[in-house]
Amino acid sequence: MLNRLFVVITIFLLGCSRDIPADPMCRTSILYTETKPSAAACLIKSNFQLLVIKNHDDDGWNLPTHKQQKLISPQCTAHQAVWETTGLNVEVGKLLFTAPNQTQYFECKLTDDFSSQLQVFPVPSWAQRKTSKISLINPFDTEQDHWVNVINLIQLREVYNQIE
């Protein structure tokens, strides 16, 4: 009896708690049904700047990116990348380009008035294991060595200009 009570209490205390809030539903403005699962990233333009992140173990900037998820569309993979690294619930829009490594880059929008007004983005507690900073930058003021991953800056800047 005592062991059973211990198991029930342990499951209740540990099994019911999550470090990360439940994932919000994937939100898309355009649905790409013909694309296969792949790595995906979001380009988010806010206040005429690009939202980027820094991770604890990196010195350079990253875009919210997630590796390929089986059975999940690239759009929802991009949505999940933003949620898990920033806590922002974006709407994933059009496919901007596909990189040579097959990562798909989507236009993503902040959809609530509060997030779109922010200049400083707090890092959510559940993202602090990996994300150390969320910032807005001008992509035209960066050089290749400011980024962690190899990114085609010319292509990034071209599509950045296309984002509303």
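**Exercise 1. How many bridges join strand 1 to strand 3, and do the two run parallel or antiparallel?**

*Solution.* First, the ground rules. This is a predicted model in which local features need pLDDT of at least 70, side-chain atom pairs count only at pLDDT 80 or more, and totals for chains, interfaces and linings use all residues. Residues are numbered from 1 along each chain as its sequence is written, and side-chain values use heavy atoms, with hydrogens and water left out.

Next, the terms. Helices (H or I, at least four residues) and strands (E, at least two) are DSSP runs, numbered from the N terminus. Two strands pair if DSSP finds at least two bridges between them.

Now look at strand 3, residues 65-66. It is joined to strand 1 by 2 bridges, and the two run antiparallel. Thr65 in strand 3 is the bridge partner of Ala41.

**Exercise 2. Find how strand 1 pairs with strand 5 and with strand 2.**

*Solution.* Start with strand 5. It runs parallel to strand 1, with 5 bridges between them. Ala41 stands opposite Tyr105 here.

Move on to strand 2. It runs antiparallel to strand 1, and 2 bridges join them. Ser46 faces Gln49 of strand 2 as its opposite residue. The two strands form a hairpin with 2 residues between them. Asn47 lies in the turn and has a positive phi of about 55°.

**Exercise 3. Follow strand 2 to its pairing with strand 6.**

*Solution.* Strand 6 covers residues 131-137. Count the bridges to strand 2: there are 6, and the strands run antiparallel.

**Exercise 4. Decide how well strands 1 and 2 are covered.**

*Solution.* Set the cut-offs. Buried means under 20% relative accessible area, exposed over 50%, and partly exposed in between (1.4 Å probe, protein chains only).

Take strand 1. Of its 7 residues, 6 are buried, so the strand is largely enclosed by the rest of the structure. Then take strand 2, residues 49-55. Here 5 of 7 residues are buried, so this strand is mostly covered.

**Exercise 5. Locate the disulfides and describe each one.**

*Solution.* A disulfide is a pair of cysteine sulfur atoms within 2.5 Å. A search of the whole structure turns up 2.

Begin with Cys26 and Cys76, whose sulfur atoms are 2.3 Å apart. The torsion about their S-S bond is about -100°, so this disulfide is left-handed. The pair links distant parts of the chain, 50 residues apart. Cys26 is in the loop between helix 1 (2-15) and strand 1 (40-46), while Cys76 is in helix 2 (residues 74-86).

Turn to Cys42 and Cys108, joined with an S to S distance of 2.0 Å. The S-S torsion is about -60°, so this disulfide is left-handed. Cys42 belongs to strand 1 and Cys108 to strand 5 (residues 104-110), 66 residues apart. Both Cys42 and Cys108 are buried.

**Exercise 6. Which pairing do the bonded cysteines show in sequence order?**

*Solution.* Number the bonded cysteines of the protein chain in sequence order. The pairing reads 1-3, 2-4.
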